[in-house]
Amino acid sequence: MVRYILDQYRKYQTTDQQLCKAADEMHFKAKTYYNYLHYSRKYKEINAEFKGKGERTVEDTARMVGFKLPHDPK
């Protein structure tokens, strides 16, 4: 993916001898690719952490979201 982005930058560099795409367009494309890659990785991390592992106990679920259950005073 990175190689493709760099090839696109080189292909559409601004020179006096050729027509080029608008300068902002390549920055927009690069930012779009960056966001895609960044949030794809974030999605994989979050999905791995919270992926369904079957039934969870109430204690496991509470711990996962940062809560503590009160202890039974028996």
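The residues that line the largest pocket divide into 4 nonpolar, 1 polar and 3 charged. In this grouping, Ala, Val, Leu, Ile, Met, Phe, Trp, Tyr, Cys and Pro count as nonpolar, Asp, Glu, Lys and Arg as charged, and the others, Gly among them, as polar. The lining consists of E59, A62, R63, F67, K68, L69, P70 and H71, and the space in the largest pocket is about 160 Å³. A pocket is an open set of points on a 1 Å grid over the protein atoms alone, with protein on both sides within 12 Å along at least five of seven lines; a cavity is a set of points where a 1.4 Å probe fits but cannot get out, and lining residues have an atom within 4 Å of a point. Grid points are joined across faces, edges and corners, and a volume is the space filled by probe spheres set on the points.

The structure is a predicted model, in which local features need pLDDT of at least 70 and side-chain atom pairs count only at pLDDT 80 or more, while totals for chains, interfaces and linings use all residues. Residues are numbered from 1 along each chain as its sequence is written, and side-chain values use heavy atoms, with hydrogens and water left out.

**Overall architecture**

The protein has 3 helices and 0 strands, and its elements run α-α-α from the N terminus on. Helices (H or I, at least four residues) and strands (E, at least two) are DSSP runs, numbered from the N terminus. Of the 74 residues in the protein, 7% are buried. Buried means under 20% relative accessible area, exposed means over 50%, and partly exposed lies in between (1.4 Å probe, protein chains only). The protein exposes about 7300 Å², of which carbon and sulfur atoms supply 56%. Accessible areas come from the Shrake-Rupley method with a 1.4 Å probe, and for residues only the protein chains shown count as cover.

**The cavity**

How many cavities of 30 Å³ or more does a search of the whole structure find? The search finds 1. The largest cavity holds about 30 Å³ of space and is lined by I5, Q8, Y9, M26, K29, A30 and Y33. These lining residues comprise 5 nonpolar, 1 polar and 1 charged. Helices α1 (2–11) and α2 (23–50) each supply at least two residues of the lining, and α2 gives the most, with 4 residues.

**The surface and helix α3**

I46, F50, M64, V65 and F67 make a nonpolar surface patch of about 490 Å². The elements that give two or more residues to this patch are α2 and α3 (58–65). Patches are made of residues with over 30% relative accessible area and no salt bridge; like charges are joined within 9 Å, and nonpolar side chains (Val, Leu, Ile, Met, Phe, Trp, Tyr) within 5 Å. V65, one of the patch residues, has its place in helix α3.

Side chains of opposite charge can pair when their charged atoms come close. A search of the whole structure finds 1 salt bridge, defined as a side-chain nitrogen of Lys or Arg within 4 Å of a carboxyl oxygen of Asp or Glu. R63 forms a salt bridge with D60, and the closest N and O atoms are 3.4 Å apart. Both R63 and D60 lie in helix α3, 3 residues apart, about one turn of the helix.

The table gives the accessibility of several residues.

| Residue | Relative accessible area | Class |
|---|---|---|
| V58 | 60% | exposed |
| R63 | 54% | exposed |
| V65 | 51% | exposed |
| M1 | 48% | partly exposed |
| D60 | 34% | partly exposed |

**Contacts across the sequence**

V58 has its place in helix α3. V58 and L69 are 11 residues apart in sequence, and their C-alpha atoms are 8.6 Å apart in space. M1 is placed in the segment before α1. The C-alpha atoms of M1 and L37, 36 residues apart along the chain, are separated by 8.9 Å.
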